Amino acid sequence: MILKRKDLLGLEELAAEEILGILDVAEQFRNIFDRPVRKVPIMRGRTVVNLFFEPSTRTRISFELAEKRLSADIVNFSASTSSLKKGETLRDTAENIEAMKVDMIIMRHGSPGSAAYLARVLKSSVINAGDGAHEHPTQGLLDMMTMRQRLGNLAGRNVTIIGDIAHSRVARSNIWGLTKLGAQVTVCGPPTMMPPDVRRLGVRVEYDLRRAVDGADVLNILRVQLERQARSVFPSNREYHRMFGVTEEVVRLLKPECFIMHPGPMNRDVEISSEVADGPRQVILEQVTNGVAVRMAIIYLLSGGDPGSLRGETD
Amino acid sequence: MDWNWRSIPAEYVIANVRVCRGGKLAKRRGFLHVKKGKVETVGVGEPTAEGFPTLDAGGWVCAPGLVDLHAHFREPGQEEKETIATGSRAAAAGGFTAVVTMPNTQPAIDNAGLVRYVIDRGLEAGLCRVFPTGAISTGRTGETLCEYGEMVAAGAVGFTDDGSPVAHGGLMRNALEYASMLGVPIVSHAEDRTLAGAGVMHEGYWATRLGLEGIPRAAEDACTYRDIELARATGAHLHVAHVSTRGSVELIRRAKAEGVRVTAEATPHHLTLDHSLCRSWSTMFKMNPPLREPDDVAAVAQALAEGVIDCVSTDHAPHTATEKELQFDQAPFGVVGLETALAVGITHLVREGRLDLGVLVQRMSERPAEIFHLPCGRLEEGNDADFMLFDPDEIWSVDPAALQSKSKNTAFAGQTLTGRVKATFLRGRLTWRDADGSLEK
Amino acid sequence: MGFVEKAVIMDGEEMQRAIMRIAHEIIEANKGTQNLVVLGIQRRGVPLARQLAEAIERVESARLPIGSLDITFYRDDLSTLGPAPRVGHTEVPFDVTDRNVILVDDVLYTGRTVRAALDEIMDWGRPRAIRLAVLIDRGHRELPIRPDFVGKNVPTSQREVIKVKVQEIDGVQEVVVGEVQQA
Ligand SMILES: [Zn+2]
């Protein structure tokens, strides 16, 4: 089996072979998108709950589409429509949902560790769709899938992640996944956005954007949380754009084949200029397409799916 | 005469004990003769007093009742977490005969009436001496001083805004000056909240890895520095609560050398645990100040051994299971500590050769009583017979369900510890006896 | 678990003859090769489909479109465990609508694989007809599925295993019967 686990909580816990196995299966699902019927019946009769305590239209739609293309039954449960009030713990909510007999819970929650908590108290499979600043493993996987489609083997490749590393679950999942596959990861941003001891995660730290992009095969640009400006993490959008925004001028420093990723939604003319956002280097829509395929692969594999079991030679 | 646990008379003898006092554990066996709640004799060898019920304690250590300068008994207002009665019971089970309670109750202990209320509830429970501290400011708002004079007269032994540090340096200065007139310390929960921000654990590698907001050492050190300078300027007695960083240790060391009237305490968890435990996401490792790095832990333990840190205080902070069941960033800070404090010290400090058993006991009884001028803590002829018996070699494992505290939020759940409290006596009266019956031999 | 071979039930020459006979039968039933396409089921149905198409080409000098089906995502037993060989690809490089599809597999047993393959073909379009060609029919059907063209009927016990070996994958062409022995 590719995944010998009940849950997907983060890329920290996955082995390189597991990551590669997931990406291989994701490519199979990616092929289905080109068929007349973009749907397979493998998850028929299984129930998946999308439990979103934070608004996230993109991630939720991507998961929902993945579930539908696997023919699963879906229940959406978001904080605004749920009974989650002060005093009701995550455990109460989760146990209520499980009592309704579901097979899998996809959860987005603002608290780091919440997915691990849910996985511990529930028998159902749990997929972490983002837990605070901790991890966002499906985003990490779709980023790696996109890189692998363009670069092949990621070992020895240079990936530069730019932005608020300290508060980014996307950065953490990227760092874990990429370093496991042997890529060289550089993180770049102002020191106020750099978590302490980040080098111990196996990355290079660079405060100068021009040096950070030198020799890069990919740039992964993080979304700036604009509300952090109020907390003096950075002075202004203007200054951030000037010092860390990826503009045409920065693009001119890149290797010709270097491409640009962004997890979306973008703050145009803050972390990325409009010209670059619309330019030929960006692969943002490929990321979105791959996101559905990766999520199909994860849901399928955690449901006990095993492409290896297919060749029962007698039938 | 035969010893009967169920009816201990006014005069009795505990024989075959190793007496531990003055920072030393006696090499020879001795005895303790108690008469009408007072210590009649602390003797060496076979008991000289005859004709009284005598307990053969089989070589256990006989020490002064332990004294905790930092516990949250939550009453009034948060009785679902702990009451003065349940907290007293936990104290007795941990070998404590005196506890200084924190004023961050609801309402806060900010007037003489509430000070008396806490004392009365303590007397009602009758399991340990309860010494309340008062809030530094009315309603713990950090604005105006409480009526310290009246509160001290009612029995307050010090003032503190533990839990929500005094942000205003001017108010802190006034508190120190005013308290010094009354001869009581100001207890500083040293934390610059603007630096701690939304932090929930120590700022460092593990916070980075877990994506949790960090509390930098500087949040503690900057405030420790401020308060030491205020103590220097005012000549008042500053007591620094729950020291957790090597930086604060150095500030206190230097201040003491320079003659500033500063004392300090450290908790069992800051003396033995580090931030890597948070990787389990267990909220049993969420406390404030947070568990720091191994070199901080080593520095704090070293300072305790040297006397730079005067004493071990538990920062016993009960929270309900429901509250601690919340996510790490949402759960309240704090763990219970009274019932594991001595064993944690024996297991991680004494048995690892970093502290003599006699010194540990001294740092948990005589020294804290001394710095807060409490009328207890010494096992001496003529004093109240506040004492406890413990087996320094008994191995046990911490089962939260077995704790006497109303709350079970211990950071030491499942740990195998060495050293177990067998019985506690307050004014000669039994307040706790280890339930396993092993004293019946 | 180990597979212990008991007997060779078809050698390469016999396989070739069976494929050739099926080719003739298909041409006869279809009255020629017009509108015919061949779909092999991964994994050994795919080389057999190719061999069948070549046999038809030898007879009729017409090259048939060939595709392959990986029925992984159409299975009804999601949780079955097993070893992990590479997944095959589904490749249907033509429109199946209104075509006469020859579905090819190596062994017909319970019928569940064919059921999955039929579902998958329907997702690709609406063929005029689907005919099933298998090299071996070993019985023990669990679904009402019947082959239209059979290389050889081999009555077996449930404990027995039939292995079809093909040049492209196994380096040899033969069919063997054996048993899986518990270690
Ligand atoms: Zn405190």
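What follows starts with the zinc site and then turns to a cavity.

First, some ground rules: this is a predicted model, where local features need pLDDT of at least 70, side-chain atom pairs count only at pLDDT 80 or more, and totals for chains, interfaces and linings use all residues. Residues are numbered from 1 along each chain as its sequence is written, chains are lettered from A and ligands numbered from 1 in the order written, and side-chain values use heavy atoms, with hydrogens and water left out.

Start in chain B, where Asp162(B) (OD), His189(B) (ND1) and His242(B) (NE2) coordinate the zinc ion at 1.8 to 2.3 Å. Donors here are N, O and S atoms within 2.8 Å of the metal (3.2 Å for Na, K and Ca), and water is not among the atoms, so sites may look incomplete. Along the sequence, the donor residues follow the spacing D-x26-H-x52-H. Asp162(B) sits in the loop between β10 (159-160) and α4 (169-182) of chain B, and His189(B) in the loop between β11 (186-188) and α5 (193-196) of chain B, so this pair ties together parts 27 residues apart in sequence. Helices (H or I, at least four residues) and strands (E, at least two) are DSSP runs, numbered from the N terminus. Asp162(B) is buried, at 3% relative accessible area, and His189(B) is buried too, at 6%; buried means under 20% (1.4 Å probe, protein chains only).

Now for chain C. Ile19(C), Ile22(C), Leu48(C), Leu52(C), Val104(C), Ala133(C), Val134(C) and Leu135(C) line the second largest cavity (on a 1 Å grid over the protein atoms alone, points where a 1.4 Å probe fits but cannot get out; lining residues have an atom within 4 Å of a point). β5(C) gives the most to that lining, with 3 residues.

Conventions
1 Å grid on protein atoms, 1.4 Å probe; cavity = no way out; pocket = protein on both sides within 12 Å on 5 of 7 lines; lining within 4 Å. Buried < 20%, exposed > 50% of the residue type's maximum accessible area, 1.4 Å probe, protein only.
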